[in-house]
Amino acid sequence: MTVLVLGATGKTGRPVVDALVARGVKVVAASRNPGRATDGIETVRFDWADRTTWEQALANVDGLYVVGPYAEPNGAVLVRELLSAAPQVQRVVLLSVLGADLLPDVVLMAGWEADVRSSGKEWTILRPNWFQQNFGEGFATPLREYSTLELPAADAALGFIDTRDIAEVAAAALTEPGHAGQIHVLTGPESLSHTMVMAILGAAASREFRYTALTADEFAARLRAAGADDNSITWQLGLFTLIRDGVNAIVTDTVERITGHPARSLAAYAAEHAEAWRKGPVNRSERP
Ligand SMILES: NC(=O)c1ccc[n+]([C@@H]2O[C@H](COP(=O)([O-])OP(=O)(O)OC[C@H]3O[C@@H](n4cnc5c(N)ncnc54)[C@H](OP(=O)(O)O)[C@@H]3O)[C@@H](O)[C@H]2O)c1
């Protein structure tokens with residue numbers, strides 16, 4: 001079997017490549033800048049926005065891991081079109097999101113799920129909770145520089161998941177029987193508020209971190225000031241509404257059932273990645 005991994009440089013794609021290689025599966029790692037993909041793995045240029053890249057990326061693959069075109073203006077149709085362009089692909093695993101069916105229409109996951117389900121392929125949909133890796137990647141800078149994380153999440157709990165667990169489930173779904181036609185709701189082992197998360201990261205990095213709850217309006221204003229368009233603001237606010245409504249507090253045993261090991265904890269992730277948050281705080285007067 002040969003699997004094309006889309007988003008292979010991203011938070012789930014990287015470990016999906018690793019998990020497939022560990023199973024002895026041939027992998028083609030896709031990126032808009034393929035030189036950045038993992039050494040020793042076949043790489044290919046793939047850009048949702050540039051269809052001339054699709055044919056070569058899809059050549060000779062029979063499995064597909066899809067991180068969808070969340071930032072493309074015509075992202076609503078591209079997953080369906082890619083699946084049509086890949087008649088030889090038998091199995092597809094789609095990365096969706098927890099609560100995909102509850103989000104506003106501008107959030108494209110529900111449409112992608114429908115496209116995958118009607119593709120005629122052996123499909124599996126992954127609906128993960130928020131990633132632990134956000135704290136070591138996107139949220140690392142405000143934590144490292146200002147010891148602060150500010151989000152419109154109230155102090156609601158989430159079952160944060162390590163993307164390596166998502167990847168192991170994806171690899172199982174791509175290579176084992178029994179996953180076709182399944183929607184796997186994936187979470188970490190416990191439900192944590194952002195205040196609890198700050199304590200866990202702080203203990204790992206020997207620092208004190210603070211979480212501040214923003215209102216939805218404050219958050220939207222910040223996104224707008226940073227150049228976000230209305231669609232992406234609605235998309236983000238929809239995700240945080242679910243969090244505040246308690247939807248993301250769910251903890252499932254799906255990772256353990258499929259991988260055979262307990263889902264990885266945030267404390268373990270924090271211990272491994274403490275360096276990401278270690279630099280001392282800057283003088284607050286330097287804050288932009
Ligand atoms: N972050 C979370 O907590 C979370 C939770 C649940 C679901 N999700 C979903 O996970 C997905 C990924 O989100 P993320 O923020 O974590 O990003 P990510 O996977 O860490 O990074 C985005 C990936 O997408 C690729 N990419 C971006 N634009 C592309 C394009 N035009 N064509 C081809 N590839 C492109 C990038 O590859 P190159 O730059 O190498 O091309 C990169 O590998 C989203 O759909 C999100 O809704 C995220």
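Helix α1 covers residues 13-22, and its buried residues are G13, P15, V16, V17, A19 and L20. Here "buried" means under 20% relative accessible area, "exposed" means over 50%, and "partly exposed" is in between, using a 1.4 Å probe and protein chains only. Helices (H or I, at least four residues) and strands (E, at least two) are DSSP runs, numbered from the N terminus. This is a predicted model, where local features need pLDDT of at least 70, side-chain atom pairs count only at pLDDT 80 or more, and totals for chains, interfaces and linings use all residues. Residues are numbered from 1 along each chain as its sequence is written, and side-chain values use heavy atoms, with hydrogens and water left out.

So what covers the buried residues of α1? The cover includes β1 (2-5), β2 (26-31), β4 (63-67) and α7 (163-175). Take V16, which sits in helix α1 and is buried, with a relative accessible area of 0%. Leaving aside neighbours within four places in sequence, V16 is in contact (heavy atoms within 4.5 Å) with V5, Y65, A167 and A170. V16 and Y65 are 49 residues apart along the chain, and their C-alpha atoms are separated by 8.2 Å. After α1 comes G24, with a positive phi near 80°.

**The whole chain**

Now zoom out. The chain has twelve helices and eleven strands. Its C-alpha trace spans about 55 × 40 × 35 Å along the principal axes. A compact globule of 288 residues would have a radius of gyration near 19 Å, and the chain agrees, because it has 19 Å. That radius is taken over C-alpha atoms, and the globule rule is 2.2 Å times the number of residues to the power 0.38.

Of the 288 residues, 50% are buried. The chain exposes about 12800 Å², and carbon and sulfur atoms supply 50% of that area; accessible areas come from the Shrake-Rupley method with a 1.4 Å probe, and for residues only the protein chains shown count as cover. Look at contacts between residues at least 6 apart in sequence: 77% of them join residues at least 24 apart.

How many positive and negative side chains are there? The chain has 26 positive and 34 negative ones, and the centres of the two sets lie 3 Å apart. Lys and Arg count as positive and Asp and Glu as negative, while His and the chain ends are not counted. Each charge is placed at NZ of Lys, CZ of Arg, CG of Asp or CD of Glu.

**What's inside**

In soluble globular proteins, nonpolar side chains tend to be buried together. A nonpolar core is a set of buried Ala, Val, Leu, Ile, Met, Phe, Trp, Tyr and Cys residues joined through side-chain atoms within 4.5 Å. The largest one here has 66 residues, of which L4, L64, F135, L201 and W277 touch the most other members. Helix α10 (residues 230-244) gives the most to this core, with six residues. Apart from it lies another core of 30 residues, among them V5, L95, A170 and A173.

L64 has quite a list of partners: not counting residues up to four places away in sequence, L64 touches V3, L4, L6, L58, L82, L83, V89, R91, V92, V93 and L174.

Most residues other than glycine have a negative phi, and most peptide bonds are trans. Which way does phi go for A154, positive or negative? A154 has a positive phi, near 45°. S206 isn't a glycine either, and its phi is positive too, about 55°. A154 is in the loop between β7 (148-151) and β8 (157-158), and S206 lies in the loop between α8 (194-205) and β11 (210-213).

| Residue | Relative accessible area | Class |
|---|---|---|
| Y211 | 13% | buried |
| A154 | 32% | partly exposed |
| R45 | 37% | partly exposed |
| S206 | 66% | exposed |

Y211 is in strand β11. Leaving aside neighbours within four places in sequence, Y211 is in contact with L149, L151, P152, A153, A154, D155, H194, T195 and M198. The C-alpha atoms of Y211 and S193, 18 residues apart along the chain, are separated by 9.6 Å.

R45 lies in strand β3 (residues 42-45). Not counting residues up to four places away, R45 touches S31, R32, P34, D50, T53 and A57. R45 and R264 are 219 residues apart along the chain, with 32 Å between their C-alpha atoms.
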